[in-house]
Amino acid sequence: MRKLVKSKWFPIVLALAMILTLLPAMAVAENNNNEDSAIEANIGFIPNSDESSVSKVDLVNNLELARYSTVPDRDAVNLLDARPNRIDIDSDGNAWVLNSMSTTRSGFVWQDAQGSVVRISASPVDGEDPGNTTSNSSTMVEGDVRVSIIDIGAPGDGPRTIDVVEDGDDLYLWIGFYGGRYYEKYAFDPDATDPENMLEAVPGTKIDVADYTPYSTARDGDILWVSAVASSNPFTGVSGIFAIDMTAPEDGYYAGPFAFDPPDGRTSRPYDIKIAPDGKAWVSDATPGWTSTHERFFGVYDSDGIVKYVSIGSGSTAMRGFYIDEDGTVWATTANGRLLKGTYDSAQAENYGWTFEAVRTGLGELTGIGADASGYLWLIRYGSDDIARVNPDSPGDALETIDVGLGPYAYANFFTVPQTGCLSVEKVWEGYDEVIGFDEDTMIPDEIDILIKGPSFDADYPDGKPFTLKAEDDWSLEVCDLDPGDYFVYEDAEEEDWYDLWDVDVDPESVTVEAGDDPEVNLVTITNEYQPGCLEITKEWFYGDLYFDDEVPESITVLIEGPSFDPDGEEVTLDAPDWSYVTCDVLIPGEYTVTELDVDSDFWSVFYVVGEFVCEEAGVVYVEPGERATVNINNYFLFKDDTFWAYGEDEELGGAEGETANHNNKVDDNPSNAWGWTNKITAEGEYTWDLWASAGQNILENGYKVGTLTVEVTEDNGEFCATVTYDVFAQYEAVEYHLWVGDTPLPTLERGGGRNVRTVATAAPGQLRSDIGEEICGLSGDGFYVAAHGVVRVGFEPAIVESVIFNDADGSGCFGTAVGDEVVITFAKDIYKADDIIATFSNVQWSILSAGARTDYDITDNVLTFTVNEEFTNPRCIEGEKLISILGLEDEYGDPVFLPVGGVEVITP
């Protein structure tokens, strides 16, 4: 006898034979009035040996869903003849039933009959609407599209055991023939449309088992344990136990035969066979002729075939089907309606540690037993034509029964395999390829947590069961053994630092897992798209009411420092005329600092405006994910000293009678080519001339007016007296005045020495010495000259207010405004007025002074007052920081005028 190699028992092998499963396409849960709603929707297939049929039962709603014929023409045979009674279920829940052709009750000669396999599809097939089954009825269904009847073996071979073996996508049947006394492996072709071609014997797999008649089997990995009975029905044979190695069929018996001889020496009849969790093979005792007064036994075989006979005591007749749960508890049925429960205690020496408790169920003759996922036992009642559900905690009480066909007969394997499905999850990171400074190694996490919510997890994880996707697994995850139903996938990373930087899209958000689904069918993709930010830098030049093209550079350089440009920053250029720079969708979100590098600080001040905040040092801005941040660089022209001259138009050119403008550089003996004018007056009167600055080459279009000059002329005894006054516009500051009033066009100087002394005219400002505003007399009655020169400082220096008065009761420096508040702004400099036109209030830096927030404004005596007509809900705090306080106005020309603010007060009525 060859030594058996012990294989570890894998509990799911037992489950393939016993456990009920979830088949949502066939469940009728909406009609579930069952007292125990915890039981899941499960389907059973029960062979009815006395009418050649199989009942499909719904074990939640306790009803028979359909009854399928196992013979193609019920009128052509005696329905006792086919004798279906052995069944196995594949992993997809399809039932495989044998027509064993074993009875002689009708005078049927089994040795001449053709045995067959009946395949009943668990799921809809071609020709049937998905999810639709025959309605609850005892009416036989012939020719149903779910049923395939396939002849196997030769007439008289009598198929008696069937085991489904699956290898990847391939399915095989190992069938034992009790008449032919051999085993053979059959390959299943799922694509065959003709039943005759569905099963084909695999060459070289036929095993002759000599005198033994295969009766019942149990699989332990690749080892098939077989019980063989001796019986006068259908014939007298040899009883015993043996094992087959399904991977080496040419070796015949793998081990055995092993004896099954209960201790009292009576003729043995081993019946059903199971593998316990510890790997031992258990065989039930159905020895003929024994009554309930005799002791009965289980034969328990180890891997070497050494047997121990475990007694169940007396009181029971033949044991047929039995069940061993995952805890090792043994449950058995007997022909006289007893339910046996066997438990093991290692401390008990008697009966190898086993104790059996017998319960009289009152359910009549019992043949088979199985258990569902909730732990309930289901018993096949041959004599009562039904199956009964029993609570193992109170096994004497049947909870429910379901009517089936005549003579239900099977030991085990009559419930569908747990029907589970799979889903897979994959993670995709995108949107970062063009982001400046993005580092995949440090900015993409190594793993993320996800939650999967659905039927398999709802009881223990109502918010979803956590799983982890990892970079080392290529960001993919497969989850199987899932109860069918809808599953939702979520990313669980809200608390992670990186999470806000990514947009999450789960596609699809939910999947419907069906029994047996390939995981790729239910693929959920979680896409994390990086949300880079945008930074817009804009430049504005402010230079009072004049535009100095020659003072504004053609471009400036700006340094940007921040996460995308660490550690040294990035220099960018802003060019005229747009004066903007935009980096959109390429920046890592975070804090950035913007600094202007190359504007001449002697002439320009710089302020950085970020939202409502203004800073002198640099523009600090936070770039939000997916948002655009803006820094506005404001350069205010500080000052420019410009020379101006008074210009009196020639009488012939529209000037007043008696005035003539002469170019200084055309005055005789004036060596200078500098621009400017000297103006001749030949008549008394009042003369008003424009003061022109920067009018190079005496071209007015090159310059601008900065004020007026007034000359009042009177005549006294043939001589003229003149009073000259300057009036420089308020927005300019006059820093120098130089005036010549005399009989010559310009003052004269002696140049050279000795014989080379000569007298020359000069327009040098230092030589223009007449007093301004005083009357000058003794001027020639033939006409005299006025050359009025000066220097104005053009521009302004913005005021920085160290503190601004607000109505903050707590002195915190925080303020806000409400509807009805009066805002009073006091200017530190006179407001410019021209022709009684008050400057129009147009633009301010502070949003609280925006046009939509004020009404009834007035400007009087350097004070702007307005009433707030829109409430502000975003109070802001100064906390001692400097604020730029420039109020934008428009002068009569429509040009901006900038005045420093001296104070702000908010008055609440």
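Biologist: Why is the disulfide of Cys 422 and Cys 480 called right-handed?

Modeller: This is a predicted model. The torsion about the S-S bond of Cys 422 and Cys 480 is about 115°, so this disulfide is right-handed.

Biologist: How do you know that Cys 422 and Cys 480 form a disulfide?

Modeller: Their sulfur atoms are 2.0 Å apart. A disulfide requires sulfur atoms within 2.5 Å, so the pair qualifies. Cys 422 belongs to strand β29 (residues 421-430) and Cys 480 to strand β32 (residues 476-482), and the two cysteines are 58 residues apart. By this rule the count comes to three disulfides.

Biologist: What makes Cys 422 buried or exposed?

Modeller: The relative accessible area of Cys 422 is 10%. Buried means under 20%, and therefore Cys 422 is buried. For Cys 480 the value is 28%, between the cut-offs of 20% and 50%, so Cys 480 counts as partly exposed.

Biologist: What makes the link between Cys 534 and Cys 584 a disulfide?

Modeller: The distance from S to S is 2.3 Å, and the limit is 2.5 Å, so the link counts as a disulfide. It joins strand β37 (residues 533-542), which holds Cys 534, to strand β40 (residues 580-587), which holds Cys 584. Cys 534 has a relative accessible area of 4%, so it is buried, while Cys 584, at 32%, counts as partly exposed.

Biologist: How do you know that Cys 721 and Cys 777 are joined?

Modeller: Their sulfur atoms lie 2.1 Å apart, which is within 2.5 Å, so a disulfide joins them. With 120° about the S-S bond, this link is right-handed. Cys 721 is in strand β51 (residues 719-728) and Cys 777 in strand β55 (residues 775-779). Cys 721, at 7% relative accessibility, counts as buried; Cys 777, at 44%, counts as partly exposed.

Biologist: Which residues have the most contacts inside the largest nonpolar core?

Modeller: Among them are Leu 423, Val 425 and Val 558, in a core of 56 residues. Strand β45 (residues 628-637) gives the most to this core, with four residues.

Technical notes:
Residues are numbered from 1 along each chain as its sequence is written. This is a predicted model: local features need pLDDT of at least 70, side-chain atom pairs count only at pLDDT 80 or more; totals for chains, interfaces and linings use all residues. Side-chain values use heavy atoms; hydrogens and water are left out. A nonpolar core is a set of buried Ala, Val, Leu, Ile, Met, Phe, Trp, Tyr and Cys residues joined through side-chain atoms within 4.5 Å. Buried means under 20% relative accessible area, exposed over 50%, partly exposed in between (1.4 Å probe, protein chains only).
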